[in-house]
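Let us walk through this structure together, one region at a time. Have the sequence and the model open beside you as we go.

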Amino acid sequence: MTALLLDGRVLAKELKAQISQQAAEFKARTGYVPQLVVVQVAGNAASDWYVRSIRRSCEGVGFGFALHLLPETCDQTTLEAAIQQASNDPSIHGIIIQMPLPSQLSADGAVAALNPQKDVDGLHPTNAGRLAQGLPALVPNTPAGGMALLDRYQISLAGKHAVVVGRSNVVGKPLAQLLLARHATLTICHSRTANLAEVIGQGDIVAAAVGKAGLVTGAMLKPGAVVLDFGINEVAEGQVVGDVDWESASKVASAITPVPGGTGPVTNMMLLQNTLQAAQWLAEQA
Ligand code: NDP
């Protein structure tokens with residue numbers, strides 16, 4: 001079997017055009033330009049790279065972007081004050097707290113300081129709870145991007161057995177909620193799961209969000225399974241692979257996301273979509 005490529009670059013391009021148009025319409029209707037702020041604590045090179053990519057994404061669709069950069073030695077009170085200031089500023093619609101934070105800072109405390117209506121990463125417990133209850137919510141970008149890919153390629157979910165490997169608050173758990181909301185039957189696996197290969201073999205849809213190169217192999221998959229690979233693993237200088245062994249899995253799956261070029265490119269587009277959504281909700285309340 002040759003698997004259908006679930007191409008994140010193609011979808012990201014389509015979404016970019018769609019979001020640009022919606023942002024222009026929103027501006028014409030309300031006078032607002034969606035505005036995103038990143039609160040970053042200095043000292044992490046990977047974060048610097050990611051923040052630049054967010055800036056480019058915002059500029060690409062006509063959103064405003066601002067960076068609130070705090071010193072590496074910043075304390076919890078200063079961090080939370082910066083988040084609260086952005087939360088209370090009516091000209092700001094979306095806030096990202098750039099992770100990871102240095103060890104002296106609490107991520108939970110920082111997230112709690114966010115206005116949930118501006119939490120465009122979908123990390124606040126209010127948004128996680130609303131997602132779990134099927135209420136309108138700002139959903140974490142990476143799993144939302146995975147769902148957008150499944151929809152783009154018209155992969156049906158109702159009644160399918162979805163196996164999600166990984167249970168983080170950023171990817172695995174919200175993905176499980178999203179699949180459940182679409183009537184998939186769900187299994188969530190993690191580091192203590194017994195007989196992982198056997199469980200993965202039951203999946204019509206298998207999603208891997210672990211951070212271990214090649215953890216899921218073709219031999220584990222049910223023939224014809226649809227595979228979403230969220231893993232980002234740098235195995236050599238400049239060489240990134242997913243959690244799924246592409247060589248073997250792409251011969252067994254009916255559809256699969258590549259790494260790079262699968263779930264990754266869609267993630268930033270989901271961030272933009274959340275920012276526009278937040279701006280729309282906030283404008284309705286103004
Ligand atoms: P975390 O480290 O927070 O979570 C990893 C999960 O994998 C945990 O639930 C852990 O289980 C589980 N796990 C670890 N080892 C195994 C194993 N041997 N078998 C089964 N499960 C295991 O990672 P994230 O969710 O933040 O990220 C996962 C991957 O996705 C990473 O590679 C990350 O780089 C990537 N990522 C990709 C994004 C994108 O845009 N595509 C964005 C965000 C992340 P336990 O809970 O028991 O510890």
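First, a word on the ground rules. This is a predicted model, in which local features need pLDDT of at least 70 and side-chain atom pairs count only at pLDDT 80 or more, while totals for chains, interfaces and linings use all residues. Residues are numbered from 1 along each chain as its sequence is written, and side-chain values use heavy atoms, with hydrogens and water left out.

Let us begin with the annotation. UniProt, in an unreviewed entry, lists residues 6-121 as "domain: Tetrahydrofolate dehydrogenase/cyclohydrolase catalytic"; such annotations may be inferred rather than shown by experiment. Over residues 6-121 the chain is 50% helix and 16% strand, where helices (H or I, at least four residues) and strands (E, at least two) are DSSP runs numbered from the N terminus. The end C-alpha atoms of this stretch are 23 Å apart.

Next comes Pro125, which belongs to helix α5 (residues 125-132). Pro125 counts as exposed because its relative accessibility is 56%; exposed means over 50%, buried under 20% and partly exposed in between, using a 1.4 Å probe and protein chains only. Ala112 is 13 residues away from Pro125 along the chain, and their C-alpha atoms are separated by 7.8 Å.

Now turn to the ligand. Its shell holds 20 residues, the closest being Arg167, Ser168, Ser191, Ile232 and Thr267; a residue is counted if one of its heavy atoms lies within 4 Å. Helix α10 (residues 263-285) gives the most to this shell, with three residues. By type, the shell divides into eight nonpolar, 10 polar and two charged residues.

Taken alone the ligand exposes 930 Å², and the protein buries 70% of that (Shrake-Rupley method, 1.4 Å probe).Finally, look at Asn233, which sits in strand β9 (residues 233-236). Asn233 counts as buried because its relative accessibility is 9%. A polar atom of the Asn233 side chain lies 2.9 Å from the backbone oxygen of Gly242. Leaving aside neighbours within four places in sequence, Asn233 is in contact (heavy atoms within 4.5 Å) with residues including Lys212, Gln239 and Gly242.

Note on methods. Polar contact = N/O pair within 3.5 Å; in protein donor to acceptor, adjacent residues only side chain to side chain. Nonpolar A, V, L, I, M, F, W, Y, C, P; charged D, E, K, R; others polar.
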